[in-house]
Amino acid sequence: MTTRAYGVHAADKSFEALEIARRAPGPHDVQIEIAYCGICHSDLHTARSEWGGTRYPCVPGHEIVGTVSAIGSDVSKFKVGDTVGVGCMVDSCQHCAECAAGFEQFCENGFTGTYNGRTPDAPGHTLGGYSQRIVVDEKFVLQVRHPREQLAAVAPLLCAGITTWSPLRHWKVGPGSKVGIVGIGGLGHMGVKLSAALGAHVVAFTTSEGKRADARALGADEVVVSRNAAEMKAHANSFDFILDTVAASHDLDAFTKLLRRDGTLVLVGIPEHPHPSPNIGSLIMKRRRITGSPIGGIAETQEMLDFCAEHGIVSDIEMVSAQDIDKAYARMLKSDVKYRFVIDNATMA
Ligand code: NAP
Ligand code: ZN
């Protein structure tokens, strides 16, 4: 069966309409009519092969929400008409220790990404949510419990939400924690909302003077424009935890210096070019840590979605048509996103 999609044929090409194949639902599969799909900076990195290894044609999109239109004979968790989501993974080995523990993102045999992952389906690699329909094993489909009218703004939770939620939970952020969120884009604005909802004292770090008021409205207790050395210095040695979502190479020392003893800087941004090596003295003298975190497991993605539904949390979005994906990418590169672009997939018809 074919479905309409938007993709690119090479790293330097613009998005265009494509007809792609989707498999008929197998016994464990859920077929989903995609209503909306968020635009993640990883989509841009991949479409332009900034990380290398992109397979073309490339159809990005891993912040998928929509409605179940068919189910396989053995599907037990979903029925036709359910409102569902799909995030960054569509499969994993399901038999290694990590999968058994609910950490599919750490699958020892490699999870299958929602796009650019190897698959037996044509054309040999997965094609993502910039499309009208997708077929996914039920184990990788999430229930969406938000009101239906919020659906477009739920889409970004499937990547921006879980990628910030997972480290916040792993490092036990909550009341009493002083948390920094660096880069107020798609991931960063969710990091601010989620850490505020978890009860932390939240400081937003932005390079954009114009985001000061917005960051407060998103839930930050304080906002620091990171280009301003005096504002940065005022927070020296004070953070338990800093989440860095910046999509470009930058100086990490500016942030490690702000950690207290045993504080943790978690990198989730994956820039095309490496960060300059951090100052090791600064790490040693206060036993500070720099680490990273990838997306999140399926069970914790459902936990995050349910937490957000319960607390009325969604993403702040700007809806775009499929024909404007290139324009959205250009604005994303200028940090001009308030705070996530979401494609209205009905515009692909
Ligand atoms: P985004 O919406 O473009 O946000 C990135 C933000 O970083 C910008 O809005 C900007 O915020 C700041 N920024 C951009 N360029 C900068 C520069 N040169 N110096 C300092 N700050 C800069 O991107 P996103 O979708 O949130 O994704 C962020 C990164 O996370 C990407 O690299 C993406 O691939 C990665 N990612 C990783 C995972 C994972 O599993 N670890 C999952 C999803 C995405 P201000 O205007 O506030 O400075
Ligand atoms: Zn993403």
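## Exposure and a surface patch

Buried here means under 20% relative accessible area, exposed means over 50%, and partly exposed is what falls in between, with a 1.4 Å probe and protein chains only as cover. Ile284 counts as exposed because its relative accessibility is 60%. Ile284 sits in helix α9 (residues 280–285); helices are DSSP runs of H or I with at least four residues, strands are runs of E with at least two, and both are numbered from the N terminus. Together, Ile280, Ile284 and Met285 make a nonpolar surface patch of about 360 Å². Patches take residues with over 30% relative accessible area and no salt bridge, joining like charges within 9 Å and nonpolar side chains (Val, Leu, Ile, Met, Phe, Trp, Tyr) within 5 Å. A salt bridge is a Lys or Arg side-chain nitrogen within 4 Å of an Asp or Glu carboxyl oxygen, and the areas come from the Shrake-Rupley method with a 1.4 Å probe, where only the protein chains shown cover residues.

A word on the model: it is predicted, so local features need pLDDT of at least 70 and side-chain atom pairs need 80 or more, while totals for chains, interfaces and linings use all residues. Residues are numbered from 1 along each chain as its sequence is written, chains are lettered from A and ligands numbered from 1 in the order written, and side-chain values use heavy atoms, without hydrogens or water.

Cys40, in the loop between β3 (29–38) and α1 (41–47), and Cys159, in the loop between α3 and α4, are 119 residues apart, so to speak a link between distant parts of the chain. Both Cys40 and Cys159 are buried.

## Two helices in the interior

Helix α4 is largely enclosed by the rest of the structure, because 9 of its 11 residues are buried. Among them are Trp165, Pro167 and Leu168. Cover for the buried residues of α4 includes β10 (178–182), α5, β13 (239–244) and α10, with contact meaning heavy atoms within 4.5 Å. Just after α4, Lys172 has a positive phi of about 55°.

Helix α10 (residues 298–311) has 14 residues and spans 20 Å from first to last C-alpha, close to the 20 Å expected at 1.5 Å a residue; the expected span is 1.5 Å times one less than the number of residues. Its buried residues include Met304, Leu305 and Phe307, and the buried residues of α10 pack against elements including β6 (89–91), α4 (160–170) and α5 (186–197). Gly312 follows α10 with a positive phi near 65°.

Most residues other than glycine have a negative phi, and most peptide bonds are trans. Here, Ala122 and Pro123 are joined by a cis peptide bond with omega about 5°, and the bond from Lys338 to Tyr339 is also cis, with omega near -10°.

Ser49 has a positive phi of about 50°, and Asp262, in strand β14, has one near 65°.
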